[in-house]
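Please consult the sequence and the structure shown here while reading.

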Amino acid sequence: MFKQLKEDIRAVFERDPAARNTLEVVLCYPGLHAIWAHRVSHYLFVRNYIVLARLVSHIARFLTGIEIHPGATIGKGFFIDHGMGTVIGETAEIGNNVTVYQGVTLGGTGKEKGKRHPTIGDNVVIATGAKILGSFSVGANSKIGAGSVVLSEVPPNSTVVGIPGRVVYRFGQKVNPCEDVINPDNFVHNNLPDPVEEMLRCLQQHLNRLDEKVKNMENERTKRE
């Protein structure tokens, strides 16, 4: 148990430059409190103490503003930065070293039974206000841009932005060469591309090239005449 607590605290220092000392982190980080409360509620939930588990998670939500269902499975090194308004559903599965910012939802899309929440791979970063809805996987080492709504599978090593979410960068390469997208190694939440705007820009560039070709053809015909 103490080893797990130390890992949770270390994750805060590794990913939050504002963290100054251990006492501050232990006493003043609601994301850390929510994770610790979830570990207790999940322990009770898997042993079929359902009501008690839900009560613990309910108290944690009241104190931290973060709602994590006791049934959710969370790996090591999970870090919630600020976290207010974050919701993680019952069948969500989160890998190791995942970072989540405030307002993130890992939710379902309806009243279906069984597995209905996303599976998040290792080392994923989910930025402010992103919504990942449905029973599918977000591949390891992927990054979800702020405000994105992800409704389908995300391959590993991808950067996703937009509504609905689109993969704009994968395995270090632009998905569309016309798009001037961000470098995933320098992921800045407030500087994200708009895939629709980039596609319109690409279309405009294509039309400009066609206009130039037509103009050249007309000039050549005029000279021949």
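Strand E10 (residues 131-133) runs parallel to E13, and 2 bridges join them. The bridge partner of Lys 131 in E13 is Val 149. The model is predicted, so local features need pLDDT of at least 70 and side-chain atom pairs count only at pLDDT 80 or more, while totals for chains, interfaces and linings use all residues. Residues are numbered from 1 along each chain as its sequence is written, and side-chain values use heavy atoms, with hydrogens and water left out. Helices (H or I, at least four residues) and strands (E, at least two) are DSSP runs numbered from the N terminus, and two strands pair if DSSP finds at least two bridges between them.

**Sheets**

E10 and E13 belong to an open sheet of 5 strands with parallel pairing, in the order E1-E4-E7-E10-E13. Strand E1 (67-68) and E13 are at its edges with a single partner strand each, so one side of each has no neighbour in the sheet. An open sheet of 4 strands, also with parallel pairing, has the order E2-E5-E8-E11. Its edge strands, E2 (73-74) and E11 (137-138), each pair on one side only. Within this sheet, Ile 94 stands opposite Ile 120 in E8.

| Strand pair | Sense | Bridges |
|---|---|---|
| E5 (residues 93-94) and E8 (residues 119-120) | parallel | 2 bridges |
| E10 (residues 131-133) and E13 | parallel | 2 bridges |
| E12 and E14 | parallel | 2 bridges |
| E14 and E15 (residues 166-170) | antiparallel | 4 bridges |

The hairpin of E14 and E15 has 4 residues between the strands, and Gly 162 takes a positive phi near 100 degrees in it.

Ser 148 lies in the loop between strand E12 (143-144) and strand E13 (149-150). Because its relative accessibility is 0%, Ser 148 counts as buried. A polar atom of the Ser 148 side chain lies 3.2 Å from the backbone nitrogen of Gly 162. Not counting residues up to four places away in sequence, Ser 148 touches Gly 129, Ala 130, Lys 131, Val 160, Val 161 and Gly 162, where contact means heavy atoms within 4.5 Å.

**Helix H1 and Arg 15**

Helix H1 (residues 2-15) has 14 residues and reaches 20 Å from its first C-alpha to its last, close to the 20 Å expected at 1.5 Å a residue; the expected span is 1.5 Å times one less than the number of residues. Its buried residues are Glu 7, Asp 8, Ile 9, Ala 11 and Val 12. The elements covering them include helix H2 (22-28), helix H3 (30-46) and strand E3 (79-80).

Arg 15 lies in H1 and, at 22% relative accessibility, counts as partly exposed. Leaving aside neighbours within four places in sequence, Arg 15 is in contact with Gly 77, Phe 79, Asn 97, Val 98 and Thr 99. Arg 15 and Thr 99 are 84 residues apart along the chain, yet their C-alpha atoms are separated by 8.2 Å.

Key:
Buried means under 20% relative accessible area, exposed over 50%, partly exposed in between (1.4 Å probe, protein chains only). A polar contact is a pair of N or O atoms within 3.5 Å; within protein, one must be able to donate a hydrogen and the other to accept it, and residues adjacent in sequence count only if both atoms are side-chain atoms.
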